[in-house]
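User: Could you take a close look at one part of this model for me? I'd like the packing inside it.

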Amino acid sequence: MFASKMGFPPDENLIKESEEKIGKVLDIYEERLSKNKYLAGDFFSLADLSHLSFTQSLVGQMGKEYMTTSRKHVSAWWDDISSRLSWQKVLQLYAPLSKN
């Protein structure tokens, strides 16, 4: 994500390895979210909140949305937490900064 902005060519092997690692974590989340609405149970918590900025980068700037949408429960969880009014407000507040 940052290599091109820093003037470095992307390391395709590192990207592939990283995607595989993230995929394994998301597979664990898929299993967990098949039993609960949120990561720590049936309530929104810090466990979910801590994933908002990274997952937003994953599905946004990195263009890896398929990593969430290909997992039914992860996709539903992401749709739920990312559509929260408070997160939408954060995105609005920081949108001007992301254009720099």
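User: How many residues does the largest nonpolar core have, and which have the most contacts inside it?

Analyst: Quick ground rules: this is a predicted model, where local features need pLDDT of at least 70, side-chain atom pairs count only at pLDDT 80 or more, and totals for chains, interfaces and linings use all residues. Residues are numbered from 1 along each chain as its sequence is written, and side-chain values use heavy atoms, with hydrogens and water left out.

The largest nonpolar core has 14 residues, and Tyr29, Leu33, Val74, Trp77, Trp78 and Ile81 have the most contacts inside it. A core here is a set of buried Ala, Val, Leu, Ile, Met, Phe, Trp, Tyr and Cys residues joined through side-chain atoms within 4.5 Å; buried is under 20% relative accessible area, exposed over 50%, partly exposed in between (1.4 Å probe, protein chains only). Helices H1 (12-33), H3 (52-59) and H5 (72-82) each supply at least two of its residues, with H5 giving the largest share, 4. Helices are DSSP runs (H or I, at least four residues), numbered from the N terminus.

Take Val74: leaving out residues up to four places away in sequence, Val74 touches Leu26, Tyr29, Glu30, Leu33 and Thr68, a contact being heavy atoms within 4.5 Å.

Tyr29 also pairs with Trp77: the ring centres are 6.2 Å apart and the planes sit at 80°, so this is edge-to-face. (Rings of Phe, Tyr and Trp, its six-membered ring, pair with centres within 6.5 Å; planes under 30 degrees apart are stacked, over 60 edge-to-face, the rest tilted.) Since Tyr29 is in H1 and Trp77 in H5, the pair ties together parts 48 residues apart in sequence. Trp77 is buried, at 3% relative accessible area.
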